[in-house]
Amino acid sequence: MPSPEASAGNSSHMMKTTKRGRPFLKDTLDLFATLIVSLELTTNRQYFRSFPNSFTTDDAARNLASLKFSQSNRGPDPRDPSRIVTTTTTTTFSMTRDMAKAMCQQFMDARLIENAADPGSNLFKERGVYVLTPKGLHVLERFMSKNGINGDHLAHVFSSQPICMKLLHLERRSVDDEIIVSHSAITALFRRFVGRQPNYPPDYLETMDAFQKYHERSKGVGLMDVTEKGAGKTTVVHKHCFAAVTALEWLCDFTSVIGREEAAEMAAQFVRFGLITLVSDKRKNNDSAIIFTVRGAAGGANSSIAQHGEFRCTAKAIYRITEEGRRLARWDLPDGARPSPNSSAANVSSNPRASEDRSVENATTEGANSSDAKIHRRISMTEKLNASYDAEKKGQKESNTDRLRFIMEEPQLRALFRDFLRSNFCEENLSFYLDVQDFKKSFSTTSSAIAANPPPARIGQKATPGQLAMERHHEALIQKAFLSAYLSEVIQSLTGKTFQGHVDLEQANQFNATQLQTMIRLYERIQTHVFRLMATDSVPKFIKTPRFLALKVKLVEEDDGPLADFPLMNTSASTPSVPPGLGSTEEEVGGAYVTISQRAAIQERAAGEQR
């Protein structure tokens, strides 16, 4: 139970739980990330094997027993806008060992962690060793970016394990945390589920390393062909089949679905929408079977949407993609082809915080939307990167500015742009721009997470956890404020001391939050000039290079694929969250959106260069 500490006293709050008894998804993800930030992931041994970047049951239970999350927010003083005030909130999570184990079981169900010795196990054990999954690393990266957390102690984890590149989030009701089922949400989920093309695993899959295997899985659920005996001596071959259990695992690994039960409900929706159908279930008569059934409004006369659908969660159940599923997945369209934006496949708002589509909830056939329906389409990759995009309306200068902003947001393009700048001896322009962006974000919100046993108070000082956290945050911000690659000469001229890339206590004490804001204003003026320079000088040359043109073709194909009609958000695009467990009243409603991992893009870029 979290309880924020304040000088006036303490207050306790119970974490909200659903009717199924689990915490709300946002609280689960925030508590998971807070726990991981507080842990030291080291090498642990079990069954005569060593597991790097892992933690034990005892480690998790000990930290969750008293876990402190501190967040410092800086803003103008209401009484004197020229001054900056810092407000630090410390949230403490307290739970017994049994409660901690139950919470870790939720993390396992959500596929955020897995048993290092037995990845197929679904139970959180009393004495076990656990590692983060690619999905867990994606969630952790996003949490750290949103809350301004220094993750240097986790750098080796991000660099040595696969990370989920694109995670599809299905938005939920604020009252009960249930997924909002709409035509647009099921369309997004199914297209991500089946992939741009049928994903038949290659024969040499077992010879691949962990990164390559994960990349293959991320393309879509693994498919196979199933042969059955027909009438007489004939045989029937069913194409594009998959095991029910495989589908559940894939949905838990690559979407915000939390647990196999919720995954089975989404799979049952696929059945209801006529996208998949049961091929066979050869379990024995005495074997138990869990069957999930969902209900909803049926479609029109020519619609494939039924009133109910059921999904069998058994080891022997085999499903296949139907013709309707193939059509919705766009498998048969030529590469680069795309339906008209007026078709129902594009009926999704471009607002990532409210990607809601209620117009498809009526009982009409797909493609028969009324002419007065409000349809919003995300601008495609082709339009954003085309050299003539909006040039006639805005002028070439502003068009390059828009293109540069998009290059900054797309991880693969940004990595390629950095290589281009490096080859032209001006990489420091991009580095400086990004460093200032990071500094501005850290100035607004800085957070940390620690376990129990806070450091001793200084002599003569009554230090609360909030005060100690605020001091640590301020010292870390000072270190970041002096971008050592650019300001070493400035620091030396101010203090008379040689700057070695680290600010000592004497130098740090000379700066307060108001002075840091003045530095930000100065940085922003330089940053604006640097951005304009890159947009007018570097971008026009960059978009003509062969490497850019080749990557553009690849990205355009992905953009026209499963996620084309849904908002994209990188891991740092969201506004800072409130302390975990104390969720705000504003909830995302309806639809789906995608978050992109910057670190995963760097991994993929490095792997591509090695190949």
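This is a predicted model: local features need pLDDT of at least 70, side-chain atom pairs count only at pLDDT 80 or more; totals for chains, interfaces and linings use all residues.
**Exercise 1. Helices H2 and H3**

Task: Describe how helix H2 (residues 57-65) packs with helix H3 (residues 97-109), and give the classes of the residues in the contact of H2 with H3.

Solution. 
1. The angle between H2 and H3 is about 115 degrees, and their axes are 9 Å apart.
2. Angles of 65 to 115 degrees count as roughly perpendicular, and H2 and H3 are therefore placed in that class.
3. The handedness of the crossing of H2 and H3 is right-handed.
4. H2 brings Thr57, Asp58, Ala60, Ala61 and Leu64 to the contact, while H3 brings Arg97, Ala100, Lys101 and Cys104.
5. Sorted by class, the contact of H2 with H3 comprises five nonpolar residues, one polar residue and three charged residues.

**Exercise 2. Helices H6 and H8**

Task: Carry out the corresponding analysis for helix H6 (residues 183-194) and helix H8 (residues 244-254).

Solution. 
1. H6 and H8 pack with their axes 11 Å apart, at an angle of about 110 degrees.
2. The range for roughly perpendicular is 65 to 115 degrees; H6 and H8 are therefore roughly perpendicular to each other.
3. On the H6 side, the contact is formed by Leu189, Arg192 and Phe193; on the H8 side, by Ala247, Trp250, Leu251 and Phe254.
4. Six residues of the contact of H6 with H8 are nonpolar, none is polar and one is charged.

**Exercise 3. The chain as a whole**

Task: State how many helices and strands the chain has, what percentage of its residues count as buried, and what percentage of contacts between residues at least 6 apart in sequence join residues at least 24 apart.

Solution. 
1. The chain contains 21 helices and 18 strands.
2. Its length is 611 residues, of which 50% count as buried.
3. Taking contacts between residues at least 6 apart in sequence, 72% join residues at least 24 apart.

Notes: Residues are numbered from 1 along each chain as its sequence is written. Side-chain values use heavy atoms; hydrogens and water are left out. Axes are lines fitted to C-alpha atoms, for helices over the stretch in contact, and angles run from 0 to 180 degrees between N-to-C directions. Helices (H or I, at least four residues) and strands (E, at least two) are DSSP runs, numbered from the N terminus. Angles under 35 degrees count as roughly parallel, over 145 as roughly antiparallel, 65 to 115 as roughly perpendicular and the rest as oblique. A crossing is left-handed if the near helix is turned anticlockwise from the far one by less than a right angle, and right-handed if clockwise. Contact means heavy atoms within 4.5 Å. Ala, Val, Leu, Ile, Met, Phe, Trp, Tyr, Cys and Pro count as nonpolar, Asp, Glu, Lys and Arg as charged, and the others, Gly among them, as polar. Buried means under 20% relative accessible area, exposed over 50%, partly exposed in between (1.4 Å probe, protein chains only).
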